[in-house]
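Subject: Structure handover

Hello,

Here is the structure I promised to pass on. Please open it and keep it beside you while you read my notes below.

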Amino acid sequence: MKATLDHIGIAVADLEEALKFYREALGLEVEAPEDVASQHVRAHFIPAGQTALELLEATADESPIAKYVAKRGPGLHHITLRVDDIRAALAQIKAKGVRLIDESPRPGAHGSLVAFIHPSAAHGVLVELKQGGQESTERVVRPVRLGDLELVPLLDRHFRLDGGAMFGVVPKPLWEKRLPADERNRIAMAMRPLLVRGDRLMIIDAGAGEKMDPKLQEIYGFDRSESLDASLAAAGVRAEDVEIVLASHLHFDHAGGFTKKDPSGAIVPRFPRARYHANRGEFEDATHPHERNRASYFDENYVPLRDAGVLEFWDEERTIMPGVRVRRTGGHTRWHHIVYLESGGRTAVFAADLMPTTAHVDLPWIMGYDLYPVETLEFKRAFLREAIEREYLIFFEHDPRIAAGYIREKDRRLYVEPL
Ligand SMILES: [Zn+2]
Ligand SMILES: [Zn+2]
């Protein structure tokens, strides 16, 4: 088993005082906090070279951190070791008679799988094992400059979909090596809308939003510690600043964030001053679903936009604003589109559900969800050649770890070099 130190967790009693020490006395940079609501904990990450410190603040009396501080006072709480295969690591540790808190891994933040080893077995230290998810040093949102455009990958949240459905005909022993499944056979994925600063302020797709039924949120394993609002705030953007909202297609994990419930319960545009742009055929299909795609389409995500008069349709491929044009792929849905971002002689492409994760650059790795998989295959085959030859920067909307990268070819195999 190979393990690397991901971070060190420190329980704090008085956050202001703790920040004075870490931020002011030590001069370290503290990231925006994240709430882990189920644990009543707020986590403040402090990158420190290859690893990080995590200050843990209790947000309620029943929080395990509150109990820890009451019993032992503030101080070192746990260490987190990152492993490649958490199930193999647990089996190996268990075979040595080590006492575990978690016999099997459970979902952690940022699409990770985690399990704790009992401190009595680890000489007084609470040890967390972690596989997947973003590394503590990968969280910061970094804008990408492309000529006159600035591109900022956002994060709505992580969620979980059936691994089989995500990879179609690819057998589980193959995909499991790339993206591990939890006990319900689900894999962690992200929802990453893209913010574009150009002539106007634009957002492409908007994640699943906050309206979804709690039962569905549980089925899809929504990670409540993350939200598009937090991500927009980190990018310095308010909802009312957004001028254009562009839809790759209207599945709930792309269009759910287009609308929100107002205090009276009415469903209204989430971006109050924006014009929304969607393909007319996609809207027709979304509002007339059939048995094969019904679970992905919810009228509340787009019909209120049409009713409010803020939805504009395009029929043919077109330029939405200077440097930003949509191109039809079909395949995933009849009218699925990807977005070309072109400026200063360079091209980036928002690949939406054409290649939802970096694993999907392999030609036969096509989602079982796709309505017309052979169309996806033919589009991908031509598009990949183009992307390699012209060095497109590709944004992967659902990859749990890699927001963007370049497609490379070596010994006839394709892979993604992360940005
Ligand atoms: Zn989709
Ligand atoms: Zn999707």
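Start at Ile-117, which stands opposite Val-127 in strand 8. Keep in mind that this is a predicted model.

Now look at where the side chains of strand 7 go. They alternate. Leu-113, Ala-115 and Ile-117 point to one face and are buried.

Strand 6 is joined to strand 7 by two bridges, and the two run antiparallel. Here Pro-107 has Leu-113 as its bridge partner in strand 7. Strands 6 and 7 make a hairpin, with five residues between them. Check His-110 in the turn: its phi is positive, at about 55 degrees.

Next, zoom out to the whole sheet. How many strands form it, and in what order? There are eight, in the order 2-3-4-1-5-8-7-6. The sheet is open and its pairing is mixed. Strand 2 (34-36) and strand 6 (106-107) are the edge strands, and each pairs on one side only. Helix 3 (residues 86-95) packs on this sheet. The helix touches strand 5 (75-83), strand 7 and strand 8. Its direction makes about 15 degrees with that of strand 7.

Then go to Gly-133. You will find this residue in the loop between strand 8 and strand 9 (144-146). Is Gly-133 buried or exposed? Gly-133 is buried, because 23 other C-beta atoms lie within 10 Å, and 20 or more are enough to count as buried. Leaving aside neighbours within four places in sequence, Gly-133 is in contact with Gly-108, Ala-109, His-110, Gly-111 and Ser-112. So His-110 of the hairpin turn is among the contacts of Gly-133, which the 7 Å cut-off between C-beta atoms defines. Gly-133 and Ala-190 are 57 residues apart in sequence, and their C-alpha atoms are 9.7 Å apart in space.

Now the domains. The assignment gives domain 1 (3-131) and domain 2 (141-418). Their C-alpha centres lie 32 Å apart. Twelve residues from domain 1 and 14 residues from domain 2 make the contact. On the domain 1 side, strand 2 supplies the largest share, three residues. By class, that side has six nonpolar, four polar and two charged residues.

Last, the protein as a whole. There are eleven helices and 26 strands. The radius of gyration is 22 Å, close to the 22 Å that the globule rule gives for 419 residues, so the protein is as compact as a globular protein of that length. The C-alpha trace spans about 65 × 50 × 45 Å along its principal axes. Of the 419 residues, 41% count as buried. Among contacts between residues at least 6 apart in sequence, 65% join residues at least 24 apart.

Best wishes

Definitions and conventions
Residues numbered from 1 in each chain as written. Chains lettered and ligands numbered in written order. Predicted model: local features only at pLDDT ≥ 70, side-chain atom pairs only at ≥ 80, totals over all residues. Pairing = 2+ DSSP bridges. Helix = DSSP H or I, 4+ residues; strand = E, 2+ residues; numbered from the N terminus. Contact = placed C-beta atoms within 7 Å. Axes fitted to C-alpha atoms, helices over the stretch in contact; angles between N-to-C directions. Rg over C-alpha atoms; globule rule 2.2 N^0.38 Å. Buried ≥ 20, exposed ≤ 12 C-beta atoms within 10 Å, placed from the backbone. Domains from an automatic or database assignment. Nonpolar A, V, L, I, M, F, W, Y, C, P; charged D, E, K, R; others polar.
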